[in-house]
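Please keep the structure in view while reading.

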Amino acid sequence: MATSATTLIETEARLGAYNYKPLDVVLSRGEGVWVWDVDGNRYLDCLSAYSAVNQGHCHPKILAAMVEQAQKLTLTSRAFRNDQLALFYDEIAALTGSHKVLPMNSGAEAVESAVKAVRKWGYEVKGVPDGQAEIIVCENNFHGRTLGIVGFSTDPDARGGFGPFAPGFKVVPFGDATAFEAAITPNTVAFLVEPIQGEAGVMIPPAGYFKTVRELCTRHNVTLILDEIQTGLGRTGKLLAEAHEGIEADVTLVGKALSGGFYPVSAVLSNSEVLGVLKPGQHGSTFGGNPLACAVARMALKVLVEEGMIENAERQGAYFQAELAGLRSNLIREVRGRGLMLAVELHPEAGGARRYCEALQKRGVLAKDTHGDTIRIAPPLVITRDQVDWAMEQFAAVMTGTA
């Protein structure tokens, strides 16, 4: 007999660390854009596990690749070679134009790996004095929750009570190229930045910002690291969000949708000069680059491209954003986004976004509140026009008070 949702929620509250505050829905199955709870109620997933499920829940081809590989070989460690790793390198490098690939597991691991690599590059190639490397980051950034990363967060909840933190980071306002240039010194080795700040509420920088940033990084010999863990792999209507301004990062971080939600897979993509400084024994991961991860990632990338998901994200995202912007609601302060990475920011007097996410849940739509007044919307890239229209009916009912 199935365990009730109430019992599962109570058990979670009793035994689990209280580091999340999810909506009270207990999911048990997913397919495409839809998920079902333990009581059989269906919901349109408008979060996609923070963009990890771009290809849709339980994509059959990724599932088949995972099952096939799991029956043959799952883990060797990097002490030995496996027959999937080189194929993964070849395919992701060809797709993204990268010269070197460092496979890891979580997105936070990719960020930590990049921080290590660019510091070493700074000392060995740029000539920064030992122990003096500086990395510039942005206010309201989100790059993960490891101790190293929260040390340069500006979110009090993320960093409060976890110090002392490692030095070597400077914080500047997001979208302000003048402030970025002013922060550069001869010891600056990198600028670590999200193309769009997702966790901060889908904050999009001014047009031309990243072109200027790219020029400044080149001029000052600073490594541009773009954290595309959420924005990458089709979410914004381009394979990588950097393409919206026609630039190329020196180091690109990908994860989440790199496995289509089946398995933790991430990667640092870079030119050979940066990753080339790493030598055996200086960095690694028992699970990074394992054959199961590589087989899953290879198929996740394949379906993303071959099934036109990136182009669909561009089309449906533009339509979804226009429809949201057209809602006649005195609750809405702003609608913003790019591709299927969208946000509805409410006026403070609306009383917070969570109550509206709870109302949407009752109408069969799952979305996530962030930073108090903002609703994040990021459905799988396989969403159809009819499904967007249905979702809009639910948003309209909730936002106009007719629910």
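## Helix 12 and helix 14

In this predicted model, helix 12 passes helix 14 in a crossing that is right-handed. Helix 12 covers residues 309-325 and helix 14 covers residues 385-399, and their axes, which come within 10 Å, cross at roughly 20 degrees. Angles under 35 degrees count as roughly parallel, and helix 12 and helix 14 are therefore described as roughly parallel to each other.

Which residues make this contact? On the side of helix 12 they are R315, Q316, Y319, F320, E323 and L324, while helix 14 contributes R385, V388, D389, A391, M392 and F395. Sorted by class, the contact of helix 12 with helix 14 has 7 nonpolar residues, 1 polar residue and 4 charged residues.

## Helix 3 and helix 11

A second pair is formed by helix 3, residues 60-70, and helix 11, residues 291-306, whose axes come within 9 Å and cross at roughly 160 degrees. Because an angle over 145 degrees counts as roughly antiparallel, helix 3 is roughly antiparallel to helix 11. The crossing in which helix 3 passes helix 11 is right-handed.

The contact is made by K61, I62, A65, M66, Q69 and A70 of helix 3, which meet P291, L292, A295, V296, M299, A300 and V303 of helix 11. By class, the contact of helix 3 with helix 11 has 11 nonpolar residues, together with 1 polar and 1 charged residue.

Methods. Residues are numbered from 1 along each chain as its sequence is written. This is a predicted model: local features need pLDDT of at least 70, side-chain atom pairs count only at pLDDT 80 or more; totals for chains, interfaces and linings use all residues. Side-chain values use heavy atoms; hydrogens and water are left out. Axes are lines fitted to C-alpha atoms, for helices over the stretch in contact, and angles run from 0 to 180 degrees between N-to-C directions. Helices (H or I, at least four residues) and strands (E, at least two) are DSSP runs, numbered from the N terminus. Angles under 35 degrees count as roughly parallel, over 145 as roughly antiparallel, 65 to 115 as roughly perpendicular and the rest as oblique. A crossing is left-handed if the near helix is turned anticlockwise from the far one by less than a right angle, and right-handed if clockwise. Contact means heavy atoms within 4.5 Å. Ala, Val, Leu, Ile, Met, Phe, Trp, Tyr, Cys and Pro count as nonpolar, Asp, Glu, Lys and Arg as charged, and the others, Gly among them, as polar.
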